[in-house]
Amino acid sequence: MKKLYFIGFILFIAFQTFAQTPPSVSKYDLKKKRLLIQACSMYLYNSNQGAIDVDSSVVLACKAYKLPVSLAYDEGYNDGAALIGKDLIDKGNIDSVKKLLNKSKEENRIKLLLQLGNFYLFKTGTKPEDLQNAFLSIKEAVDLSNKLKIKKWQHQSSLLLGKYYFQANNPVEGKKHFLQVINECRKANDKRDLADALDAYATLLSNLDPEKEKILEEAISIYASLALEEKRIENYMKITTLYFWTGRINEAKKRLYQNLIDLRKIGFTHEQFDETTISYIELNQYNIKSALYYALKSVKRMEAEKDYTLADVFYIRLGNVYNVIGYNEAALDLYKKSIQFGQKGLNSGHWYKSFLSAVGALSIKGKNKEALDYINSMTLNYPPTNTFDKMMLAYTKANCYAALKNYNLAEKNFKEIGLYAEKLIAPERVKEVIVCYQSTALFYANRHQAKKAQYYADKAVSLSKKYKTQTNTDNLQIALFLIDSLNGNYHSSIVHFQNYKKISDSIHDISKNKQIEELKIQYETKNKEQKIALLNDQSKLQKSELQKSKLLNNLAIGSLVLLLITISLLYNRYRLKQRNHTKLELKEKEINQKNLNLRHLLDEKEWLLKEIHHRVKNNLQTVISLLNSQSAYLDNDMALSAIKNSQHRIHSMSLIHQKLYNSENIATINMPNYIRELVEYLKDSFSLAQRIRFEIKVTPLELDVAQAVPLGLILNEAITNSIKYAFPNNRTGMIYITLDGLAENRYLLTISDNGIGAETDFTEAKANSFGMSLIKGLSDDLEGKFTMENNNGTILKIEFLQEFPINQKRQMI
């Protein structure tokens, strides 16, 4: 139950009396100090995902805020008044405590026995002899309180005995003692002792125990009726934690927001544990603005109070938000800060996560070789000390090797992940285990090993259902898409691909918001700088006020003289301005007349261009009609097909001139509208109905007619070929058309289908076919790069550079 690697560290700090508590803590009374210990220890235990035990978390919290560990456990008998032996217990001077015990009697002896029982029971890294010493002290306290028949000490000693049995892995006996106290308190209507007993009992129950929530709710209700707000909030936090680990994330988030309000009402300023938890939840739900807001709040609160004891905790959370919104450099700096504070200060268990997150930030930037070098240098001096860190290290290395296409080492690390993951399946760590399984599934899917990929995908989905954890990630969906594609389940694969696109587009939208967030951060920084500058200016103004008052009398006389001179100058200036104004009015009329003449010429030019486009369109339609008439006299299939193909090609050109004629912009073609109209025409021409469907994704783009015409002919040829040859025997299928921007003024047109595919290793005859020659020739006209491949269907790609029409070039000049 205890983590051995904490023993040496904790034994040193557990027995200290801290001479000076931070100012932010010293203002609190005893109740709020206990609440601080509970809030901090709960966060440390939860954020470490069970890597440290509850008692170690309490000791770390007390160390962070220089509070005695006994405060976390002595609530039942320490009300802030003088308590026998407390100073000796806090110093760890047990020999002196035993001497004092020999001299103590009745209630003082019970108090001292309870303190000793707590000391031995909640020592980090408890040994069997510690448990035995705890039992002897607690049992003597039980016997003495029963002999004296004092209900308070009977209840306190019985509760501590119940805690002992839970610690000794005998929950059945422990439950018996708790229920005995609870039933006695109910009969006596002792609300305070009942609430304390319910609180102590529920705390030891598993989060998966259905009784835990009910017991905590009853404790909350009683504490609220007794106006014990700190205890009510503490138990409210425990239910929030329960909701978090049982998959009720939205309920947990709602309670966290409410808890912030409650903490402010009682003047409890250490809200950063709630804030950073809210940031974690909001980040996982892609609510980036809220995640950034609360991550910044927690860091600012820490920096304002200069309390860097747990700095690694808050820097890593802010770094994670920056990483998601694309501020990888800023995230990397924060992770390095977290590592520095974690290594030289209080080891809260987070700095190793920061180290792995820093590696991840380097990998995202494509610096995988540098990331692996960083891993090797760090792990040489700081090897992972627990199974969880070992799994996450293997996960990080596996992804780096996969990115470098070193598949053997990648697979080796993915296999290691599986070995560690089996030992870590628990509510506190299942999310990371699921992420690791998803990445492993994606790795094998990319390697075309469908069976292995399916195995790990099934494990991820199964764990998600069991622990009610959200797993609908882009990694899982793209893995399932690849698996179904490899297995020939195309309908299912399309569904998974659509899910992947939704998630991917959501993340893409988030990345767009980073500019807004950046402006927001810049604005806040600038605003603060302006306020500081304003305060400095006000200070300088106050100092100069005295000097200015002395000069006022002298300036008054001089001002009268200057006023007379100024009036005469202004009158002279006014007369000069009047003359200039008259000249300017004449010039303005002349310019306006010239502008009017130019406007008439421009309108006439645009009308002539539109008329030309109209005539060209009509002529092309006439050619189409003539070809249609000619086809009536032909019975040769090849000739008819050639005429039909020619009609389609002419129509693609005609459509361009038609759009130029109908559009207000006579210089360029709106490509999204043009492509969609061309596709609709071809669908109607071939009477496809729903047999072949189209997916069109076109970046908003305006092209000059010189580029739009060859691009339209290429689209016509490629789509016609797909319709005719990709889906024989009336097969159904999809044709995908995308036009994406690659860089400034450089675009990629892709026409693909999921049909039977075409030969890319052409014979000379096929390569010289008219359609293919036309596409190649038109690509050359565009000065574009043409490629064709066969990957689950035919894929044609034309990469070209946008050329500006004449009027745009003039504007740029």
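Predicted model: local features only at pLDDT ≥ 70, side-chain atom pairs only at ≥ 80, totals over all residues.

Guide: What follows is a short chat about the folds, cores and rings of this chain.

Visitor: How many helices and strands does the protein chain have?
Guide: The protein chain has 33 helices and seven strands. Helices (H or I, at least four residues) and strands (E, at least two) are DSSP runs, numbered from the N terminus.

Visitor: And what share of the residues is buried?
Guide: Of the 813 residues in the protein chain, 46% count as buried. Buried means under 20% relative accessible area, exposed over 50%, and partly exposed in between, using a 1.4 Å probe and protein chains only.

Visitor: Which residues touch the most others in the largest nonpolar core?
Guide: Those are Tyr-65, Leu-310, Tyr-322 and Met-391, in a core of 120 residues. Helix α23 (residues 430–446) gives the most to this core, with ten residues. A second, separate core has 39 residues, including Leu-688 and Phe-694. A nonpolar core is a set of buried Ala, Val, Leu, Ile, Met, Phe, Trp, Tyr and Cys residues joined through side-chain atoms within 4.5 Å.

Visitor: Let's look at one helix. How many residues of α7 are buried?
Guide: Twelve of the 16 residues in α7 are buried. Among them are Arg-109, Ile-110, Gln-115 and Phe-119.

Visitor: What do the buried residues of α7 pack against?
Guide: They pack against α4 (54–64), α5 (86–91), α6 (94–103), α8 (128–148) and α9 (151–167). Contact here means heavy atoms within 4.5 Å.

Visitor: What about α30?
Guide: Helix α30 (residues 705–726) has 22 residues and should span 32 Å; its end C-alpha atoms are 30 Å apart, which agrees. In α30, 17 of the 22 residues are buried.

Visitor: New topic: how many aromatic pairs are there?
Guide: The count comes to 17 aromatic pairs. Rings of Phe, Tyr and Trp (its six-membered ring) pair if their centres lie within 6.5 Å; planes under 30 degrees apart count as stacked, over 60 as edge-to-face and the rest as tilted. Tyr-164 and Tyr-165 are edge-to-face, at 5.2 Å centre to centre with 65° between the planes. Both Tyr-164 and Tyr-165 are buried.

Visitor: And Tyr-293 with Tyr-294?
Guide: Their ring centres are 4.9 Å apart and their planes are at 90°, so this pair is edge-to-face. Tyr-293 is partly exposed because its relative accessibility is 38%, while Tyr-294, at 12%, counts as buried.

Visitor: Where does Arg-447 lie?
Guide: Arg-447 lies over the face of Tyr-407, at 3.8 Å from the ring centre. A charge sits over a ring if NZ of Lys or CZ of Arg is within 6 Å of the ring centre and within 35 degrees of the ring normal. Tyr-407 also belongs to an aromatic cluster that includes Phe-414 and Tyr-437.

Notes: Residues numbered from 1 in each chain as written. Heavy atoms only, no water. Expected span 1.5 Å × (residues − 1).
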